[in-house]
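Welcome to the tour! Open your viewer, get your selection tool ready, and follow along stop by stop.

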Amino acid sequence: MQINNLINTLPNKLLKKTTKFLAKQEQSESLSHVRFVQDTVTNLIPKATFARSFADLSENSFQEVGESVLVYYTPKLLGNGVFRPIYQKGLDASLKQKISTPMTELNRDAAISADKLKEIKPVKAAIAASCMIIPLAEYSLCYLKNLFTLKVFHQADFNNIANLNKDKIEKQSKQEKVKKSAINHMLGAAAAFGGCMLTSLLLVKKGKSSKALQKLSDIILTPGSVLFKNNEKKAATVNKYFSLDFRDDKGKLSLSHGQLTSCVLLGGAGYFGSSADRGKQNFLETLFRFPLVGFYVVTGSEMFERGFKKILRKKDSFKDTISQDIHVPAYKELPELAKKLAEKNKTTVENEFAKLCKQKALITSVPFLFGMLFMGMFVAGVSRAFTQYRYNQEQKNMPTNLLERAKIQNS
């Protein structure tokens with residue numbers, strides 16, 4: 001029986017809709033859709049819930065939505081639609097089809113000669129280097145947010161934006177400092193992207209014959225293999241989280257873990273720099289929140305999900321759904337599995353399929369809810385509470401003499 005027919009036999013509407021949604025998401029190997037929803041839920045919804053002013057809500061919405069679209073959709077758009085067609089022109093048809101295959105797999109492919117590897121490697125590295133525009137744009141977005149708030153709400157002091165300071169007095173010198181810093185950092189990011197583009201052009205033109213450029217390509221695409229030649233486990237871990245190579249999504253270039261890491265790291269630099277421009281409390285709030293959320297987005301969610309599966313695996317009812325190596329069958333595999341279980345348990349295929357779908361929904365929903373309720377709501381709420389507490393303590397410790405108080409505030 002086909003999976004769509006079995007889905008229509010599910011006992012309730014919620015399970016039916018959930019199964020249809022999750023099955024559709026599974027059809028793509030891309031991280032983009034799942035990570036977009038996860039990141040938006042983890043960051044934007046909690047920030048909106050605990051917004052302290054309309055300016056606070058607006059700037060966070062501006063940044064989080066822009067950041068999610070930038071990180072989760074433009075890699076595929078730029079990689080496939082812009083840079084791949086330009087850089088792969090010199091390759092033969094067989095190598096063009098291999099552009100989406102990760103370099104770690106190409107290196108193990110006995111059918112590809114050493115000369116062919118030397119030819120395709122710099123092209124893949126050039127595409128990856130050009131797509132550094134994405135983490136650099138995310139870095140710039142942090143400063144663009146400051147300009148957005150300054151232009152729309154005429155505020156540059158975080159204490160005013162977060163409604164900590166009730167008098168809302170804005171200093172012209174503070175606004176000029178924030179504006180100048182934002183422009184300078186955005187220009188710096190643009191210059192860095194120019195360097196990436198020059199590197200890409202050099203890789204495409206000279207990469208095949210240059211040992212130095214071949215080495216650079218290895219560093220871009222397989223940094224773990226360069227750093228840990230004699231340790232496959234360490235090499236695989238570094239390649240997974242720090243390679244700028246794309247993931248293969250049915251022949252298309254798609255967001256990889258390494259690219260996600262680069263966005264989080266450069267985005268973090270932008271977060272810290274732009275928050276420091278707006279005041280001590282903004283920086284301290286970022287220092288508390290960003291490491292937790294950044295870690296969760298890159299690898300923490302994956303670690304939590306794996307740990308949760310291990311717990312469920314110990315239950316007899318989940319041993320048909322979760323294998324010993326913590327593998328969960330895809331939705332397209334469930335009809336065949338349900339048929340085998342029905343024969344084994346003397347039940348119907350529909351009943352077994354419904355059980356499997358419920359278990360799959362639980363395996364997916366609990367990590368998702370953890371991300372929203374703990375990493376989102378709890379961290380956002382606590383970070384804002386700490387900010388208010390620090391500000392209140394700071395005000396208590398301020399001198400009562402108005403002249404001395406003014407000197408400290410202006411320093």
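Start by selecting Lys118, Lys121, Pro122, Lys124, Ala125 and Ala128 in helix α7, which meet Gln214, Ser217, Asp218, Ile220 and Leu221 in helix α11; contact here means heavy atoms within 4.5 Å. You are looking at a predicted model, where local features need pLDDT of at least 70, side-chain atom pairs count only at pLDDT 80 or more, and totals for chains, interfaces and linings use all residues. Residues are numbered from 1 along each chain as its sequence is written, and side-chain values use heavy atoms, leaving out hydrogens and water.

Next, select the whole of α7. Its 17 residues reach 25 Å from first C-alpha to last, close to the 24 Å expected at 1.5 Å a residue, that is, 1.5 Å times one less than the number of residues. Because 13 of the 17 residues are buried, α7 is largely enclosed by the rest of the structure; buried means under 20% relative accessible area and exposed over 50%, with partly exposed in between (1.4 Å probe, protein chains only).

For contrast, pick Lys89, in the loop between α4 (54-87) and α5 (93-96). Is Lys89 buried or exposed? At 63% relative accessibility, it counts as exposed.

Finish at α15 (residues 280-313), and look for the kink of about 65° centred on Val297. This bend is the angle between axes fitted to the seven residues ending there and the seven starting there.

Terms used: Helices (H or I, at least four residues) and strands (E, at least two) are DSSP runs, numbered from the N terminus.
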